Amino acid sequence: MENTKKKNKKGIILLSSGLDSYISLSEAIKTVDVVLALTFDYGQKAAKDEIEAAKKIADKYNIEHKVITLSFLKEITNNSLTNENKNLEFDELGINSMKAVWVPNRNGLFLNIAAMYCDAVDCDYIIFGANKEEAGTFSDNSLEFNNIANKFFKYSTLKHPEILSPVANLEKREIVNLGIKNNVDFSLLKSCYNSFEKSGKKHCGKCESCKRLYNAILKSNDKSLINLIF
């Protein structure tokens, strides 16, 4: 009964084209009518590639796709994601690799923009790819963060949208397995922080995002995905 009720309601997906948002979408459409996908261009190195990949994913599910440009974020953020002179390669994942790609309040800003769209297009849910693995180092990937944002929307919007994070309790390995179960087309994925123009590959295999994805596939139910993605 609960799933039927949700299916009668509409949602907006924050779609970066990465693993978490893509698999979150494949799971959310089971219970929610996802009508709009938002992709953000804040001057990140892979922005062009992410936008193209997100558009293909949205088209696959017949969802309207919009690109939101936030150029000021690059102006106030001097990190490896946006600065062409800073290296995105990491030997180990942890607090240092997190700090190197940290954009202050990025997810908070994205969710607030999505909440504004919920008022504008009458949507009940925001689908957000928070996940258990990255919540350990990225605090804005946690369920605690979601809960605080949900409370905020009760005051800042008329629609009072609720954040849905279908993979919030999953490690990356489990997210890959969920994607396999949902029969997603992993060739559409773009999880790399580097641009194709810079690295010559869709996935460089050396940035934090690539390392997490590679390790997740190695532990997943289908290791052959490595040959498809990398």
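**View 1. Helix α11 at the second largest cavity.** Helix α11 (residues 208-218) gives three residues to the lining of the second largest cavity, the most of any element. This is a predicted model; local features need pLDDT of at least 70, side-chain atom pairs count only at pLDDT 80 or more, and totals for linings use all residues. Residues are numbered from 1 along each chain, and side-chain values use heavy atoms, without hydrogens or water. Helices are DSSP runs (H or I, at least four residues), as are strands (E, at least two), numbered from the N terminus. The lining is L19, K172, S191, S209, R212 and L213. The volume is about 30 Å³. A cavity is a set of points on a 1 Å grid over the protein atoms alone where a 1.4 Å probe fits but cannot get out; lining residues have an atom within 4 Å of a point.

**View 2. Packing of α9 and α11.** Helix α9 (residues 172-181) packs on α11 at about 65°, with axes 8 Å apart. Therefore α9 is roughly perpendicular to α11 (65 to 115 degrees). Axes are lines fitted to C-alpha atoms over the stretch in contact, and angles run from 0 to 180 degrees between N-to-C directions. K172, R173 and V176 in α9 meet R212, L213, A216 and I217 in α11 (heavy atoms within 4.5 Å).

**View 3. The largest cavity.** Its volume is about 620 Å³, the space filled by probe spheres set on grid points joined across faces, edges and corners. Of 32 lining residues, S16, D20, R106, N107 and Y193 are closest to the centre. Elements giving two or more residues are α2 (19-28), β2 (33-41) and α6 (106-121).

How values were computed: On a 1 Å grid over the protein atoms alone, a cavity is a set of points where a 1.4 Å probe fits but cannot get out, and a pocket is an open set with protein on both sides within 12 Å along at least five of seven lines; lining residues have an atom within 4 Å of a point. Angles under 35 degrees count as roughly parallel, over 145 as roughly antiparallel, 65 to 115 as roughly perpendicular and the rest as oblique.
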